[in-house]
Amino acid sequence: MGPHRLDSIFNPQVVAVVGASDDPGSVGGRVFRNLVSDGFAGEVIPVNPKHAQVGDRKCYPSLTEVDGSVDLAVIAAPARVAPDVIGECGEKRIASAVVLSAGFGETGEAGRALETRLQDAARRADVRYIGPNCLGVMRPSIGLNATFLDAAPPPGRLALVSQSGALCTAIADYAAPHHIGFSTVVSLGNAVDTDFGDILDYLAGDPLSDSILLYVEGVKDARAFMSGLRIAARSKPVIVLKAGRHDRGSKAASTHTGALIGSDDVFDAALERAGVVRAMTFGQLFAAAEMLADRRRATGNRLAIVTNGGGAGVLAADRAGDLGVDLADLAPATVAGLDEVLPAYWSHANPVDILGDARPEIYGTAVTACLADRNVDGVLAMLTPQAMTEPNAAAEAIIAATATSHSKPVLACFMGEQSVSEARTLLSENGIPDFTTPERAVEAFSYLARFRLNQRLLLQTPGPLSEDRRAPDVEGARLIIESVLSQGRTMLSDVESKAVLSAFHIRCNPTREATDATQALVVAETMGFPIAMKISSPDISHKSDVGGVRTNITSAADVRVAFNTLMENVKTARPEAAIRGVTIEPMVSGGDSRSFLVGVKNDQVFGPVVSFGAGGTMTELLHDNAVALPPLNRVLAGRLIDRTRISRLLGPFRNMPALDKAVVEDVLLGISDMVCELPHIDEMDINPLFVDAEGAIAIDARIKVRRPRTTPVPYAHMAIHPYPADLVRRSFLPNGEELVIRPIRPEDAEIEQEFVRSLSAEAKHFRFMQTLNELSPEMLVRFTQIDYSREMALIALVREAGREKEIGVARYTINPDGKTCEFAIVVGDAWQKHGIGSALMKGLMEAARGQGLRAIEGEILADNRPMLELMESLGFSVRPDPDDPRLRQVECWL
């Protein structure tokens with residue numbers, strides 16, 4: 001496994017500063033001075049054709065004339081020469097650069113043209129770079145300050161990635177007095193080449209970074225952004241602040257869903273899908289920075305509050321209620337212990353009000369007792385300065401109490417200013433985050449609690465995929481849409497929309513079209529009364545708005561009247577609209593049914609988004625809907641439903657029975673499949689979706705389509721790579737039994753666990769190189785809920801007792817260099833020597849080629865002769881591991 005492709009940016013040995021000078025007022029001069037004065041452990045080389053020497057160092061006229069190798073070029077030269085400097089990087093074999101220069105895309109059309117030249121030069125030179133128009137990069141632990149800031153923040157374990165250089169400046173200035181240290185600070189600038197996804201990919205595996213803060217103004221590559229977020233958030237708290245929360249994007253929408261979903265709702269959905277916590281204000285981001293600087297992590301959501309002021313405790317409790325933070329129920333033993341040392345009039349509950357005259361040692365006792373309570377996940381110690389208060393001594397007592405717990409977080413809120421300033425400094429110096437207001441303190445704890453909750457949610461595994469979930473008719477649906485687009489239309493008719501939904505096994509109320517009153521009567525008699533009639537026009541989406549709907553038509557005479565009335569209403573309201581006639585469908589009785597809306601909106605950044613919420617004519621008014629990024633599984637579909645108030649209608653109320661939530665989940669799964677497989681879908685809604693004891697049925701449906709962008713990248717329209725069905729392969733074993741090899745999916749958790757349990761001790765040793773009885777919940781999620789854009793797992797299946805049985809698995813993970821991957825494979829003991837290992841590896845190599853990878857490699861125990869023979873038969877080279885004689889390294893170029 002080679003180094004990460006960005007390693008030379010964050011851990012360089014030799015840095016060249018292009019544009020370096022002795023002028024402290026120039027960008028190049030400041031960067032050169034910072035690298036030298038901040039104690040960079042490597043070598044700093046000035047490059048500037050105008051100088052023979054900078055400081056006490058020889059200055060080179062160009063990068064190509066520098067003696068020796070260079071790892072990182074920091075470009076502070078004028079924008080117009082930056083593309084040429086990148087070209088010199090290629091000639092000098094410098095893999096990485098930071099382009100500080102301004103004057104590119106942010107300045108207008110001429111700048112955008114220069115930016116294109118810069119990117120073209122980087123591609124030709126095979127150079128990865130940060131910027132342009134950025135503040136630079138810092139790694140305080142190695143003295144790397146490749147910025148023009150006056151001072152770098154102290155070293156620590158917190159990483160900051162920002163699209164705003166000004167925000168980096170503000171946080172760096174805030175950090176030192178609040179004892180916040182940083183492992184990495186990255187200003188992305190215009191992010192032409194290296195964006196959030198690349199940096200997150202690096203930070204996910206960075207041993208110096210325990211937590212990550214992001215300031216986001218816009219996302220360019222949603223797939224890379226989501227992939228980077230998901231891999232980072234698996235192991236580290238990630239807090240995101242996004243600017244522009246109230247930009248709702250385009251308000252022109254053809255469906256209810258398009259009007260309901262705003263871009264900020266979608267961003268929230270993206271963060272939730274990745275398990276990331278969002279800060280809503282700049283102040284909250286600072287609070288998160290203070291909390292994350294302390295490496296203790298909350299194991300739950302239960303907070304204990306210790307305070308000498310009842311009002312302050314109530315404020316904190318109120319904010320906890322706002323944020324969903326639970327006030328811990330103190331154990332009886334804790335209450336009894338506090339009774340022995342606290343005044344008789346203490347609160348006897350949480351918040352623990354120790355009263356205004358509490359001595360410092362009482363603070364220590366109360367905090368210690370709360371930390372020892374198993375019902376408590378974190379403690380907030382609050383102080384209001386009163387006549388008898390000793391802030392400094394109270395702070396010392398709290399510090400001493402934290403020594404009793406090395407895992408639970410303790411935070412403080414010493415309210416006031418002059419009388420508590422010294423105590424605050426004391427707390428911060430000893431690693432206890434201190435906040436000036438109760439609300440900010442509780443918000444800070446909520447970040448840790450929500451991170452833990454997100455991790456637990458990510459560990460949920462959906463049950464096995466239902467056997468009755470038939471494969472959709474993707475090709476049939478695609479042909480319908482292509483036919484509509486060939487006619488120059490973008491809105492499907494009711495009949496066409498329901499045909500597409502039916503192709504994905506979503507039950508629809510049958511609809512027929514009629515062009516005149518007589519034909520409408522024939523259709524009505526054929527269907528049977530009562531019926532509903534609606535205007536059919538490609539120009540009218542919301543028919544009820546123009547008097548284009550008639551319901552509960554019960555006789556032949558009423559059909560003619562309704563037809564004529566509909567025509568007159570629409571001609572009056574929309575005289576320019578093209579009218580094709582009417583649609584006719586059976587009336588579906590309300591009865592015990594509940595009405596919902598299911599929709600799709602194509603977000604300009606994240607692609608298709610699925611929405612669920614309140615249906616009917618009050619949809620926009622109620623605004624009770626939630627959104628999620630596809631692809632969905634049953635767990636994600638269930639969580640989408642539960643985030644709405646209307647979901648409670650699925651339960652029993654009054655005399656109406658509870659309904660089966662799974663039938664709604666099935667509809668959402670079908671919609672998810674549809675948007676994954678059909679990039680043509682621009683907007684869609686089913687409104688209403690009736691759900692009753694017999695199941696779910698789409699009463700009205702609208703689909704708006706567009707011609708998809710042509711791209712060689714599979715599923716390029718999706719922010720999250722969906723299930724790669726194109727890799728499914730079917731064949732037969734020598735005994736005639738069908739063998740299926742397909743990508744793993746989250747629903748395979750059960751059969752994956754059963755497979756690992758069934759392996760012999762030797763097979764487990766060969767695969768995992770350690771003693772392992774079964775997969776832990778974390779490992780099971782990691783093995784089944786994979787990111788198909790950065791890894792792949794193929795499983796071999798046969799059918800046994802009417803269900804799938806896993807008999808082998810092969811997987812690869814893309815290496816940090818982004819060009820190669822590392823594989824692992826195991827076949828069940830009873831199924832070896834059947835050609836299964838060879839079939840799995842061939843499928844895995846095919847998938848790796850499809851991702852553009854250059855080589856596949858792995859490590860195999862030297863005594864695993866059958867596996868080594870298989871690798872040799874597939875064209876892999878085999879060589880001893882230079883560091884471990886028990887291993888063999890195998891490699892194959894793709």
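**Exercise 1. The lining of the largest cavity**

Task: In this predicted model, how many nonpolar, polar and charged residues are in the lining of the largest cavity, and which residues lie closest to its centre?

Solution. 
1. Sort the lining by class: six residues are nonpolar, five are polar and five are charged.
2. The model has three cavities of 30 Å³ or more, and the largest holds about 140 Å³ of space.
3. Go to its centre. The lining comprises 16 residues, and those closest to the centre are Leu492, Ser493, Asp494, Ser537 and Ile540.
4. Assign the lining to strands. S22 supplies at least two residues, and so does strand S30 (701-705).

**Exercise 2. A sheet of four strands**

Task: In what order do the four strands of the open sheet that includes S22 run, and which of them are edge strands?

Solution. 
1. Read across the sheet: the order is S21-S24-S22-S23, with antiparallel pairing.
2. Find the strands that pair on one side only. These are strand S21 (512-514) and strand S23 (549-553), the edge strands.
3. Strand S22 (residues 531-536) and strand S24 (residues 581-586) are joined by six bridges in the antiparallel sense.
4. Pick a bridge to locate on screen: lysine 534 has threonine 583, in S24, as its bridge partner.

**Exercise 3. The helix on the sheet**

Task: Which strands does helix H20 touch, and what angle does its direction make with that of S22?

Solution. 
1. Locate helix H20 at residues 556-573; it packs on the sheet.
2. List the contacts: H20 touches S21, S22, S23 and S24.
3. Compare directions. The direction of H20 and that of S22 make an angle of about 30 degrees.

**Exercise 4. Serine 672**

Task: Is serine 672 buried or exposed, and which residues does it touch beyond four places away in sequence?

Solution. 
1. Find the residue: serine 672 sits in helix H23 (residues 661-677).
2. Apply the cut-off. Buried means under 20% relative accessible area; serine 672 has 1% relative accessibility, so it counts as buried.
3. Look at its surroundings. Leaving out residues up to four places away in sequence, serine 672 touches Pro630, Pro631 and Leu632.

**Exercise 5. Two cis peptide bonds**

Solution. 
1. Start with proline 132, in the loop between strand S7 (128-130) and strand S8 (136-139). The peptide bond from glycine 131 to proline 132 is cis, and its omega is near 0 degrees.
2. Proline 530 is in the loop between helix H19 (517-527) and S22. The bond from phenylalanine 529 to proline 530 is cis, with omega near 0 degrees.

Technical notes: Residues numbered from 1 in each chain as written. Predicted model: local features only at pLDDT ≥ 70, side-chain atom pairs only at ≥ 80, totals over all residues. Heavy atoms only, no water. Pairing = 2+ DSSP bridges. Contact = heavy atoms within 4.5 Å. Axes fitted to C-alpha atoms, helices over the stretch in contact; angles between N-to-C directions. Buried < 20%, exposed > 50% of the residue type's maximum accessible area, 1.4 Å probe, protein only. 1 Å grid on protein atoms, 1.4 Å probe; cavity = no way out; pocket = protein on both sides within 12 Å on 5 of 7 lines; lining within 4 Å. Points joined across faces, edges and corners; volume = space filled by probe spheres on them. Nonpolar A, V, L, I, M, F, W, Y, C, P; charged D, E, K, R; others polar.
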